[in-house]
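My entries follow in the order in which I looked.

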Amino acid sequence: MDTYYKPDDLLKFGEIGKDAPDLAKKFFDYYGAVFSEGELSEREKSLIALAVAHTIQCPYCIDAYTKACLEKGSNLTEMTEALHVATAIRGGASLVHGVQMRNIAKKISM
Amino acid sequence: MSASIPSFSQTLEKHKLVLLRKPTEILQINMGLLCNQACKHCHLTAGPDRKEIMDIKTIDQVIDFQKKYSFKVVDITGGAPEMNPNLIYLVENISGLPDKVMLRSNLSALFDFTDDLLLSVLKKNRVIIVSSFPSLDQTQTDSQRGKGIFDKTIQALIMLNQHGYGQKGTGLELNLVSNPTGAYLPSSQEATEKRYRKILYKKWGIVFNNTFSFANMPLGRFKDWLKRSDNYDDYIAELYKNFNPCAVTDLMCRNLISVSWDGFLFDCDFNLAANLYKGTEKIHISQTETCSFENDTIAVDNHCYACTAGSGFT
């Protein structure tokens, strides 16, 4: 194996059902339902997925949802803003733990 | 990813489908390849340097063809039909013969090359305007269609609304056509229309009747761009992957006849771009003795996958 990630593997995602078909079916049915039009549009859901893909740093998801966002009519400005939302939450999650740091430091300091 | 996909004919065969013509209902007239824009997705490689436009003799032959066979719809396209000096002559003489006349406009040509006379002729004859509007985003639009085009199209839409186009009760129909601004498939027509209606009205007070979403055709300038940007193989594979056998039933090539700027017949405007003559035979409009092309074989090639991807191109 020359690399862990191969772009063509994304197309083989369905093969994951070969050894556990019932679970795969449940997952893919759920997946399809999640991304279909609801109170949120398919376009909005793709933008959320793109942001999450960057948070979990999944190259397959980034590939798939960059394309999905464009196909659903989003533009690069909107997609970049979505990434900043993910980045802000991710950065904020680190920073807000600073309160915990300050609490502990306060408790054990003179 | 390789482009080793079956040919379109093989795919039809695999699905036990035969692509034959139905009775012809739509006469599509290509007024020429001259255009004020040189869009990156243009399947005809139309542009300001192209000299090919339909002359008055051919226009008369087209009008006679319509008179003889009474097609239900006349669809005028280009290039930019507005740049053909005989457009008014065509519209004045062909309107009233079919149920509907449509003019495909890139909007900037309508804005830059249209005077009050053309607009009044279009309005008087209730000509439906079908306008290219790829995206609500200026950057995406300008990258596909040229710098400054987004602003011009918005101004043109405002102007058309002021003339009553797209407004309720006027009988003046204004439709928008959205194509992806890259090597990917279009969004659903329903979702695009919903979003266009909301945003265009909110930002500019623009109203319209319908929106159509179409895939870009891997021919002409778009094919050149796909090749140059190393997207061609992936794009063709994506079109093939999304082949929808159900879309074949209503393909426009089944009930439309396309006439090129020099008067030759094609099954559709894309075959015109690919130089695939109707039934692979070069027939001039003046030589045809019939419009009953029913059950004639339709010329196909791999670009046809763009018309059968997803919900299709009808």
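This is a predicted model: local features need pLDDT of at least 70, side-chain atom pairs count only at pLDDT 80 or more; totals for chains, interfaces and linings use all residues.

**Entry 1, H3(B) and H5(B).** I began with the pair H3(B) and helix H5 (residues 116-124) of chain B, whose axes come within 10 Å and cross at roughly 20 degrees, the axes being lines fitted to C-alpha atoms, for helices over the stretch in contact, with angles running from 0 to 180 degrees between N-to-C directions. H3(B) and H5(B) are therefore roughly parallel to each other; the term covers angles under 35 degrees, while over 145 counts as roughly antiparallel, 65 to 115 as roughly perpendicular and the rest as oblique. Their crossing is left-handed, meaning that the near helix is turned anticlockwise from the far one by less than a right angle, with clockwise giving right-handed. I listed B:Leu87, B:Ile88, B:Val91 and B:Glu92 of H3(B) as meeting B:Leu117, B:Leu118, B:Val121 and B:Leu122 of H5(B), where contact requires C-beta atoms, placed from the backbone, within 7 Å. I sorted the residues of this contact into 7 nonpolar, no polar and 1 charged (Ala, Val, Leu, Ile, Met, Phe, Trp, Tyr, Cys and Pro count as nonpolar, Asp, Glu, Lys and Arg as charged, and the others, Gly among them, as polar).

Residues are numbered from 1 along each chain as its sequence is written, and chains are lettered from A and ligands numbered from 1 in the order in which they are written. Helices (H or I, at least four residues) and strands (E, at least two) are DSSP runs, numbered from the N terminus.

I then turned to helix H2 (residues 56-69) of chain B, which packs against helix H3 (residues 87-94) of chain B at an angle of about 15 degrees, with the axes 10 Å apart. The crossing here is right-handed, and the contact is made by B:Ile56, B:Ile59, B:Ile63 and B:Gln66 of H2(B) with B:Tyr89, B:Leu90, B:Asn93 and B:Ile94 of H3(B).

I recorded 14 residues of chain B in contact with 11 residues of chain A. Helix H6 (138-145) and helix H8 (189-204) of chain B each supply at least two residues of the chain B side, and the largest share, 3 residues, comes from H8(B). By class, that side has 6 nonpolar, 6 polar and 2 charged residues.

Just after H6(B), B:Gly146 takes a positive phi of about 115 degrees.

Finally, I located B:Cys42 in the loop between strand E1 (26-30) and H2 of chain B. B:Cys42 is buried, with 25 other C-beta atoms within 10 Å, and it touches B:Gly220, B:Arg221 and B:Phe222, not counting residues up to four places away in sequence.

Technical notes
Two residues are in contact if their C-beta atoms, placed from the backbone, lie within 7 Å. A residue is buried if 20 or more other C-beta atoms lie within 10 Å of its own, exposed if 12 or fewer, and partly exposed in between; C-beta atoms are placed from the backbone.
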